[in-house]
Amino acid sequence: MRDAGIKQYFATMKPPAATVSTVIVKPSEWTPGVEAIGTVNAVRGVDLTVETSGIVKNILFHANQKVATDAVLLQLDDAVEKADLVAQKAQAASDQAALTRAIELQRRGVGTDATLDAARAAADASAAQVNKLQAVLDQKQLSAPFGGTVGIPKIDIGQYLAPGNSVVTIQDLDTMRVDFTVPEQQLPLLKIGQTVKLGSSLADMSFAGSIRGIDPKIDPASRLVSIRGEVANPEGKLTPGQFVQIRVELPQENNVISVPQTAVTTSLYGDYVFVVVPAKPAAGAAATPAKPDEQKAATGKPAADAAKPQADASKPADNAAKPADAKPADAAQQQPLTISQVFVKLGRRNDGMVEITEGLKDGDQVVTAGQNRLFNGMSVAVDNTIDPSKSANKQVQQ
């Protein structure tokens with residue numbers, strides 16, 4: 001009998017309830033979006049080069065200097081060009097004087113038309129030559145095409161430069177553009193003017209801008225479409241060439257069922273969650289007939305014991321008047337709870353949440369942590385003092 005009792009005890013012994021964290025499913029507002037990765041560039045940014053050859057005479061800028069439009073950055077040796085310009089200006093003055101005399105003689109009737117035409121042609125040619133030499137002289141200077149920040153000089157004083165040699169980069173960092181691509185399936189969701197958020201990660205979207213351009217052609221090789229947005233950069237935190245995470249905000253939706261991503265478990269059979277439900281009463285929980293010895297003991301008790309309920313009822317309801325110390329959550333935890341494995345269909349993901357399109361309803365209590373050791377029908381105890389969606393440091397601070 002002893003061995004049979006031990007065997008029956010262990011056969012009917014229930015495992016202890018597992019402690020889990022849960023969340024109540026409620027319809028909430030959902031802000032969908034299109035996520036991508038992209039590269040930041042300045043709206044205005046070029047690498048400056050020289051148009052003519054020459055020896056570097058003077059460098060008029062330093063690294064990371066902010067310069068204004070048309071500010072002179074580089075001066076090449078221009079002594080020969082200056083001398084040629086002076087000589088040509090003298091020739092132009094002489095030709096202009098000859099033209100003036102020819103006009104006067106023509107007015108007096110002693111000059112021929114051919115002489116006047118030759119003088120006018122010579123004066124025009126000299127003036128044009130002056131303008132040409134002035135343009136050549138201006139090419140000996142490198143000026144900023146727009147206001148911005150210059151980079152590190154790529155040349156030194158005394159260095160010989162040929163046309164096309166790079167001197168320095170200049171970038172206007174006040175406004176940045178971000179280029180990224182999205183799949184062709186998401187193209188109908190985008191339009192000019194939509195809000196674009198970007199940052200170093202999806203958790204840090206500290207910059208906001210808007211879409212300025214959508215390529216009308218889809219790349220047939222990759223099936224991607226190019227998108228360009230613009231974002232203000234007043235503090236200069238964004239740098240040209242920087243990698244960023246991008247999210248295009250779409251119109252907000254209401255009454256969307258979503259749960260934390262930690263609540264969903266993926267298996268070969270599909271995605272599922274564990275839903276906490278009240279335990280069903282056991283089939284053998286009905287009242288069992290008492291043993292004969294117990295019946296005798298019950299009938300042998302004095303009648304005074306039967307009067308105890310009436311005496312207890314006559315006591316003042318002191319306990320009823322006291323405020324209920326037990327919390328509703330504690331009372332709920334005292335109830336036997338089990339879990340039910342429910343397969344779900346997932347939708348979009350956003351900010352640590354995943355949309356549930358099928359399988360859950362409003363009011364379901366879903367396990368968010370501790371489900372790695374659970375199985376269907378297992379007894380559980382709910383403990384929501386720890387939120388798995390927050391880091392341990394934040395919870396300690398709270």
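This is a predicted model: local features need pLDDT of at least 70, side-chain atom pairs count only at pLDDT 80 or more; totals for chains, interfaces and linings use all residues.
Which residues of α2 are buried?

**View 1. Helix α2 and the buried residues along it.**
Helix α2 covers residues 79–108 and has 30 residues. From its first C-alpha to its last it reaches 44 Å, close to the 44 Å expected at 1.5 Å a residue. Its buried residues are Glu81, Leu85, Gln88, Ala92, Asp95, Leu99 and Ala102. These buried residues pack against α3, residues 113–138. Just after α2 comes Gly109, which takes a positive phi of about 90°.

**View 2. The open sheet with strand order β7-β6-β4-β9.**
This sheet has 4 strands with antiparallel pairing. Its edge strands are β7 (141–143) and β9 (160–161), each of which pairs on one side only. Strands β4 (residues 54–59) and β6 (residues 72–76) run antiparallel and are joined by 3 bridges. Within this pairing, Asn58 stands opposite Gln75 in β6. A further 3 bridges join β6 to β7, and these strands also run antiparallel. Here Gln75 stands opposite Gln141 in β7. Strand β6 is largely enclosed by the rest of the structure, because 4 of its 5 residues are buried.

**View 3. The largest nonpolar core and a second, separate core.**
In soluble globular proteins, nonpolar side chains tend to be buried together. The largest nonpolar core of this model has 21 residues. Those with the most contacts inside it are Phe180, Val182, Leu198, Ile227, Leu238, Ile246 and Val248. The elements that give two or more residues to this core are β3 (33–49), β10 (166–183), β11 (195–199), β12 (207–214), β13 (224–232) and β14 (243–249). A second, separate core has 17 residues, including Leu48, Val50, Leu76 and Phe146.

**View 4. The surroundings of Ile246.**
Which residues does Ile246 touch, not counting residues up to four places away in sequence? Its contacts are Val34, Glu35, Ala36, Ile37, Gly38, Val178, Phe180, Val196, Lys197, Leu198 and Met205. Ile246 is also among the residues with the most contacts inside the largest nonpolar core, as are Phe180 and Leu198.

**View 5. The open sheet with strand order β2-β15-β20-β19.**
This sheet has 4 strands, and their pairing is antiparallel. Strands β2 (27–30) and β19 (345–350) stand at the edges, each with a single partner strand, so one side of each is left without a neighbour in the sheet. On average, neighbouring strands of this sheet are turned by 60° against each other, direction ignored. Strand β15 (residues 253–260) is joined by 3 bridges to strand β20 (residues 353–358), and the two run antiparallel. In β20, Glu355 is the bridge partner of Ser258.

**View 6. Strand β1 and its pairings with β22 and β21.**
Strands of a sheet pair through backbone hydrogen bonds, either parallel or antiparallel. Strand β1 (residues 18–24) runs parallel to strand β22 (residues 379–382), to which it is joined by 3 bridges. The bridge partner of Thr19 in β22 is Ala381. Strand β1 is also joined by 4 bridges to strand β21 (residues 365–369), and these two strands run antiparallel. In that pairing, Ser21 stands opposite Ala369 in β21.

Notes: Residues are numbered from 1 along each chain as its sequence is written. Side-chain values use heavy atoms; hydrogens and water are left out. Two strands pair if DSSP finds at least two bridges between them. Buried means under 20% relative accessible area, exposed over 50%, partly exposed in between (1.4 Å probe, protein chains only). A nonpolar core is a set of buried Ala, Val, Leu, Ile, Met, Phe, Trp, Tyr and Cys residues joined through side-chain atoms within 4.5 Å. Contact means heavy atoms within 4.5 Å. The expected span of a helix is 1.5 Å times one less than its number of residues. Axes are lines fitted to C-alpha atoms, for helices over the stretch in contact, and angles run from 0 to 180 degrees between N-to-C directions.
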